Amino acid sequence: SPLLLAGMLLLMGAWLYAFIFTSPDTALQLAGLSMRRREKLLVLVPFSVLVVTLTGMINSLLYVLCLSTMVSLPHASFHVPAEYDALDQLELQGLEPSLVEPM
């Protein structure tokens, strides 16, 4: 959806401009107000929530979450872990802490 893409680009641009392109500690001048790091966060978090709800990003995120869950749970349940062989056992023994104290 073009609205979803525009919202994602708007959010990405706002966060990048506030914290990456300008130093996070540099005060940002907006409408005659000087915003430091804390004020930037207090403005960007509600702005992000507003953009996410208005552009329908919540539906897309829930769809991706459900779809990835439907793919990963069967994979995890049918996965068979590899068996250890003799070399793996020797390697694991070498990683165990020794009981002999150094002199």
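Contact here means that heavy atoms lie within 4.5 Å of each other. With that in hand, let's walk through this predicted model, beginning with a lysine.

Lys 40 is found in helix H2. Its relative accessible area is 2%, so Lys 40 is buried, the cut-off being under 20%. What surrounds this residue? Setting aside residues up to four places away in sequence, Lys 40 touches Ala 18, Phe 19, Thr 22, Ser 23, Pro 24, Thr 26, Leu 28 and Met 35.

Helix H1 covers residues 2-21 and helix H2 covers 37-55. Two packed helices are described by the angle between their axes and the distance between the axes. For H1 and H2, the axes come within 10 Å and cross at roughly 175 degrees. Because angles over 145 degrees count as roughly antiparallel, that is how H1 runs relative to H2.

Which residues form the contact between them? On the H1 side they are Leu 3, Leu 4, Gly 7, Leu 10, Leu 11, Ala 14, Trp 15, Ala 18 and Phe 19. Across from these, H2 contributes Arg 37, Lys 40, Leu 41, Leu 44, Val 45, Phe 47, Ser 48, Val 51, Val 52, Leu 54 and Thr 55. Sorted by class, the contact of H1 with H2 has 15 nonpolar, three polar and two charged residues.

Apart from neighbours within four places in sequence, Leu 11 is in contact with Phe 47, Ser 48, Val 51, Val 52 and Met 57. From Leu 11 to Arg 36, the separation is 25 residues in sequence and 19 Å in space, C-alpha to C-alpha.

Leu 11 also leads us to the largest nonpolar core, whose five residues are Leu 4, Leu 11, Val 51, Val 52 and Met 57. Helices H1 and H2 are the elements that give two or more residues to this core. In soluble globular proteins, nonpolar side chains tend to be buried together. As for Leu 4, leaving out residues up to four places away in sequence, its contacts are Thr 55, Gly 56, Met 57 and Ser 60.

Note on methods. Residues numbered from 1 in each chain as written. Predicted model: local features only at pLDDT ≥ 70, side-chain atom pairs only at ≥ 80, totals over all residues. Heavy atoms only, no water. Core = buried A, V, L, I, M, F, W, Y, C linked by side-chain atoms within 4.5 Å. Buried < 20%, exposed > 50% of the residue type's maximum accessible area, 1.4 Å probe, protein only. Helix = DSSP H or I, 4+ residues; strand = E, 2+ residues; numbered from the N terminus. Axes fitted to C-alpha atoms, helices over the stretch in contact; angles between N-to-C directions. Parallel < 35°, antiparallel > 145°, perpendicular 65-115°, else oblique. Nonpolar A, V, L, I, M, F, W, Y, C, P; charged D, E, K, R; others polar.
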